[in-house]
Amino acid sequence: QVQLLESGGGLVQAGGSLRLSCAASGSIFSINAMGWYRQAPGKERELVAFETRRGITNYADSVKGRFTISRDNAKNTVYLQMNSLKPEDTAVYYCNAAITTRDYNAMNYWGKGTLVTVSS
């Protein structure tokens, strides 16, 4: 079994910062890409950012220059530093990871989500 545990969400004023963390645990052989998605009320889930094991990153246009994704491969953890937050960043943020388990099954795993609320 593999679990992704997110933390760091909360309420912040516009212009503020938050840092999300997501730690993967369980029967892990290797992790390829790790990233963050978000889903605002009434909207579809969208990619925020991801980083491959080799450090290649990709960001949604709406967060470029404000959000930074990083990884600690030794800890199987991915972070999302969110600066200059806007009310439109309000959403549930989900961690996603492409994981190969020790019995060599490769799957995409999701965390349960952490709520980020940005007040104006």
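Strand β1 gives the largest share of the lining of the largest pocket, four residues. This is a predicted model, in which local features need pLDDT of at least 70 and side-chain atom pairs count only at pLDDT 80 or more, while totals for chains, interfaces and linings use all residues. Residues are numbered from 1 along each chain as its sequence is written, and side-chain values use heavy atoms, with hydrogens and water left out.

**Stop 1: the pocket.** Select Gln3, Leu4, Leu5, Glu6, Ala23, Ser25, Trp110, Gly111 and Lys112, which line the largest pocket. Its space is about 160 Å³. A pocket here is an open set of points on a 1 Å grid over the protein atoms alone, where a 1.4 Å probe fits, with protein on both sides within 12 Å along at least five of seven lines; lining residues have an atom within 4 Å of a point. Grid points are joined across faces, edges and corners, and the volume is the space filled by probe spheres set on the points. β1 and β3 each supply at least two lining residues. Strands are DSSP runs of E with at least two residues, numbered from the N terminus.

**Stop 2: the sheet.** Next, show β1, β3, β8 and β7, which form an open antiparallel sheet in the order β1-β3-β8-β7. The edges are β1 (2-7) and β7 (67-72), each pairing on one side only. Neighbouring strands of this sheet are turned by 15° against each other on average, direction ignored; axes are lines fitted to C-alpha atoms, and angles run from 0 to 180 degrees between N-to-C directions. Strands count as paired if DSSP finds at least two bridges between them. β1 and β3 run antiparallel and are joined by six bridges, and Gln3 stands opposite Ser25 in β3.

**Stop 3: Ala23.** Stay in strand β3 and pick Ala23. Its relative accessible area is 32%, so Ala23 is partly exposed (buried is under 20%, exposed over 50%, partly exposed in between, with a 1.4 Å probe and protein chains only). Leaving out residues up to four places away in sequence, Ala23 touches Gln3, Leu4, Leu5, Asn76 and Thr77; contact means heavy atoms within 4.5 Å. For a distance check, pick the C-alpha atoms of Ala23 and Pro41, which are 25 Å apart and 18 residues apart along the chain.

**Stop 4: the hairpin.** Move to Asn76, in the turn of the hairpin that β7 and β8 form with four residues between them. Asn76 has a positive phi of about 55°. β7 pairs with β8 (residues 77-82) over six bridges, in the antiparallel sense, and Thr68 stands opposite Gln81 in β8. In a regular strand the side chains alternate between the two faces of the sheet. Colour β7 by face: Phe67, Ile69 and Arg71 make up the covered one, and Thr68, Ser70 and Asp72 the uncovered one.

**Stop 5: the disulfide.** Which cysteines does a disulfide join? Select Cys22 and Cys95, with S to S at 2.0 Å; the criterion is a pair of cysteine sulfur atoms within 2.5 Å. Cys22 lies in β3 (residues 18-26) and Cys95 in β9, so the pair ties together parts 73 residues apart in sequence. The S-S torsion is about -80°, so the disulfide is left-handed. Cys22 is buried at 0% relative accessibility, and Cys95 is buried at 0%. A search of the whole structure finds one disulfide.

**Stop 6: Thr101.** Finish in strand β9 (residues 91-101) at Thr101. Thr101 is buried, with a relative accessible area of 7%. Beyond residues up to four places away in sequence, Thr101 touches Val2, Ser27, Ile28, Phe29 and Tyr109.
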